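Please read them with the structure open.

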Amino acid sequence: MRTSPSLLAPGLAKRSLEEFKRFAKIAIKQEGLTVPAGPYPLLEFGDPSTIEACKTMSDADIGGYSQVSLVHITGSEITPSHARFYGSISTELPINRPHIQRTGYAAWRNCDRKGTIFGKSLWDVDPYAYLGLRVKSDGRKYFVNVQTETIVPTDLHQHRLYTRRPGEWETILIKWSDFVRTNHGVVVEPQMEMMRQKVRTIGIGLIDRIPGPFDLAIGRIWATNSPDNGQTGTEEGNVGGKAEGKTA
């Protein structure tokens, strides 16, 4: 029997080994039978390679004039390494495209993760109660977007990224059960529970349609069961409020 060349690829082998280690850790700690105590890292922006595995989107993709960038910022003594999501929103409509009636948005998300010998790489966050984000906001109206492996690929589960201290680092916790299912910016009825066992992508979008610059720093994103997970010092977690339906 001859081994397929694709199975010998270093990247595939490394990803498969990491996935095997994760499965083994779950089995040893019996996390399938008990509630996981520690956080589950999803996106760590202290690592520059995480940025490379993400993509940006904006109305510029359909001829609009908004600008968007997602770059890695190296840490210093006063700030951690992080991703910087920034640019400028424009609501100007593209010329000679009369079918485009609405612009003024920008977003980013991780790309579909590469597979392993165990199959497609998906996050299973079902054992966790919260999505955690470490961010520094400019106070604008951002939404967290979660895409799962569903029969309707354009469905998104969304929740407002509520921050309390613009210009300062803070930890935001959102209950997975509070996300709202939408499609093309419209709330979908009837609502269906998120397939938390099969999360494909996580990202953040800006849809307030207010022209001008925006700037959001993201340190990391993780799943957790404890409101204290990921906190620094004596800082209290900011648990997100009720979700809002987006109508972009």
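1. Basis. This is a predicted model, in which local features need pLDDT of at least 70, side-chain atom pairs count only at pLDDT 80 or more, and totals for chains, interfaces and linings use all residues. Residues are numbered from 1 along each chain as its sequence is written, and side-chain values use heavy atoms, with hydrogens and water left out.

2. The core. The largest nonpolar core has 36 residues, and W108, I218 and I221 touch the most other members. Such a core is a set of buried Ala, Val, Leu, Ile, Met, Phe, Trp, Tyr and Cys residues joined through side-chain atoms within 4.5 Å. Buried means under 20% relative accessible area, with a 1.4 Å probe and protein chains only. In soluble globular proteins, nonpolar side chains tend to be buried together.

3. Where the core comes from. Strands that each supply at least two residues of this core include β1 (40-44), β5 (106-110), β7 (142-148) and β13 (212-224). The largest share, five residues, comes from β13. Strands here are DSSP runs (E, at least two residues), numbered from the N terminus.

4. I218. Leaving out residues up to four places away in sequence, I218 touches F45, H82, A83, F85, W108, R134, V135, W169 and I204. Contact means heavy atoms within 4.5 Å.

5. Strand β7. Seven of the seven residues of β7 are buried. Both faces are covered: Y142, V144, V146 and T148 lie on one side, and F143, N145 and Q147 on the other.

6. Partners of β7. Two strands pair if DSSP finds at least two bridges between them. β7 runs antiparallel to β12, with seven bridges, and antiparallel to β8 (residues 155-160), with four bridges. F143 stands opposite G205 in β12 and opposite R160 in β8. β7 and β8 form a hairpin with six residues between them.

7. S90. Beyond residues up to four places away in sequence, S90 touches D59, Y65, S66, T103 and G104. The C-alpha atoms of S90 and A60 are separated by 9.5 Å, the two residues being 30 apart along the chain. A polar atom of the S90 side chain lies 3.2 Å from the backbone nitrogen of E92.

Methods:
Buried < 20%, exposed > 50% of the residue type's maximum accessible area, 1.4 Å probe, protein only. Polar contact = N/O pair within 3.5 Å; in protein donor to acceptor, adjacent residues only side chain to side chain.
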